[in-house]
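Hello,

Here is the structure we talked about.

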Amino acid sequence: MAQALKEVRKLKDLQTLVSLSKRRGFVFQSSEIYGGLNSCWDYGPLGSLMKLNVKRIWWQAMTRRADICGLDASILMHPTVWKASGHVDGFSDPLVDCKDCKTRFRTDNTESYINEKKCPQCGSKNLSEPRQFNLMFKTHMGPVEDEGSVVYMRPETAQGHYVNFSNCQTTTRYKIPFGIAAIGKSFRNEITPGNFIFRTREFEQMEMQYFVKPGEDESWFEKWKQTRMQFYKKYGFNMQNLREHPHAANELAHYAKAAIDVEYLFPMGWSELEGIHNRSNYDLTQHAKFSGKSLEYFEEATKEKFIPFVIETAVGCDRLFLAFLCDAYREEVYVDESGAEDIRVVLGLHPEVAPVKVAILPLVKKDPVASLAQKLREELAEDWDVQYDEAGSIGKRYRRQDEIGTPFCVTVDYESIEDGAVTIRNRDTMMQERVPLDQLKNNLLLKIKNFS
Ligand code: ATP
């Protein structure tokens, strides 16, 4: 029966994504068979592919520029790094305990506390005094667990960039302005983790520190804001779901000269996705002071010496992953003549981000169709992550691929054996086109490249 599109629904709550993620293998609760570990998540067969894609597009956007190099620094660093950076003394959130229901919460982002000094859970006013709670995870290096062996799990990757500033500059021979990009795990003992993978205690950051001459920092700050917004546009974000939230003077970190949050409209409301900061020369000055090593830069052209200013762009990989899923999710509601509804769930992910680029779907399970389809699978897998699916009706198989965001399905049928052609089906338009086998790779390549 003919169907007509009635409406397109957007994502209404995070729970829908949590269920889809578990059902289809994007994200699982960590240690699930033991009851799970709060706020820790595992990326499954599709999630791990997609997370790699998220990292790759960010990494390429940064390091394929002629003025940015990459770095992969270690998680454990010399403990003095965290004294110099201010984290030992100042990386804390104000924490309050409710004496009635035992809920622990942050006072600085809890509305019921800010407005009425009430517990967000039970409304009680029987609360402890606020105390500062340091968010760094501590551990010990070596066999002796004493004060002298304390090391921290890094709460941000940025300090790796600063302590390697001279190493990177001298080995690349880059002149200022230039940047260092890194992707890696960070750890924060968050008081109130939650909202799925939005706020966790172990997460991955993608941070870039751009070193500039003092006086040029403000214009570079503006340029980086634009560059980062272009990135989101390029990868298909609905730009109405993104906005800049500039920090007011009282919101700025002590070292920052200016800062904005790039906020995304998550189902729970506008929340920080990325931070872009003008960190002044605070970090390099501190590390020069604590290490006793000069971190000055000598500019040949002007014969000037200075400590560079830093513009930082910092985005959580997990948060960006979540934003991609939220933005891509849609439910297309179709009705037939009898009024019966049929819902097509689609993840409209950009092909560069989608975990599977191409699905190979033979229309019959038998040879010679199946062996041709298998051969195609192997050929396409040289370039992309592909999936082979021969189970169920073709309609059901298309729907399975739509729900995981596969942009293209290739069907192989009996005719393919005779005419040497296959059908490409487009996820978004559902249009089909017949393509000769010898043009398939090129055709898909162009479609991925020119996707908009
Ligand atoms: P928030 O205000 O949400 O605690 P922040 O301002 O402390 O974040 P930054 O220190 O600027 O965050 O970190 C840069 C980016 O790292 C954030 O924009 C976010 O995408 C990500 N991030 C920070 N903390 C977490 C976390 N606990 N879980 C997941 N991602 C995080």
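**The sheet and its helices**

Five strands form an open sheet with mixed pairing, in the order β21-β20-β22-β23-β24. Strands are DSSP runs of E, at least two residues; helices are runs of H or I, at least four; both are numbered from the N terminus. Two strands pair if DSSP finds at least two bridges between them. β21 (386-388) and β24 (432-436) are the edge strands, each with a single partner, so one side of each has no neighbour in the sheet. The twist averages 25 degrees from one strand to the next. Angles run from 0 to 180 degrees between N-to-C directions, with axes fitted to C-alpha atoms, for helices over the stretch in contact.

This is a predicted model: local features need pLDDT of at least 70, side-chain atom pairs need 80 or more, and totals for chains, interfaces and linings use all residues. Residues are numbered from 1 along each chain as its sequence is written, and side-chain values use heavy atoms, without hydrogens or water.

β20 (358-362) and β22 (408-412) pair in the parallel sense over five bridges. V358 stands opposite F408 in β22. Helix α12 lies across β20, β21, β22, β23 and β24, at about 170 degrees to β20. G405 follows α12 and has a positive phi, near 90 degrees.

**The ligand**

Polar contacts here are pairs of N or O atoms within 3.5 Å. A side-chain N or O atom of R199 is 2.7 Å from a ligand oxygen. For E272, a polar side-chain atom also lies 2.7 Å from a ligand oxygen. L273 uses a polar backbone atom, 2.8 Å from a ligand oxygen.

Best wishes

How values were computed: Contact = heavy atoms within 4.5 Å. Polar contact = N/O pair within 3.5 Å; in protein donor to acceptor, adjacent residues only side chain to side chain.
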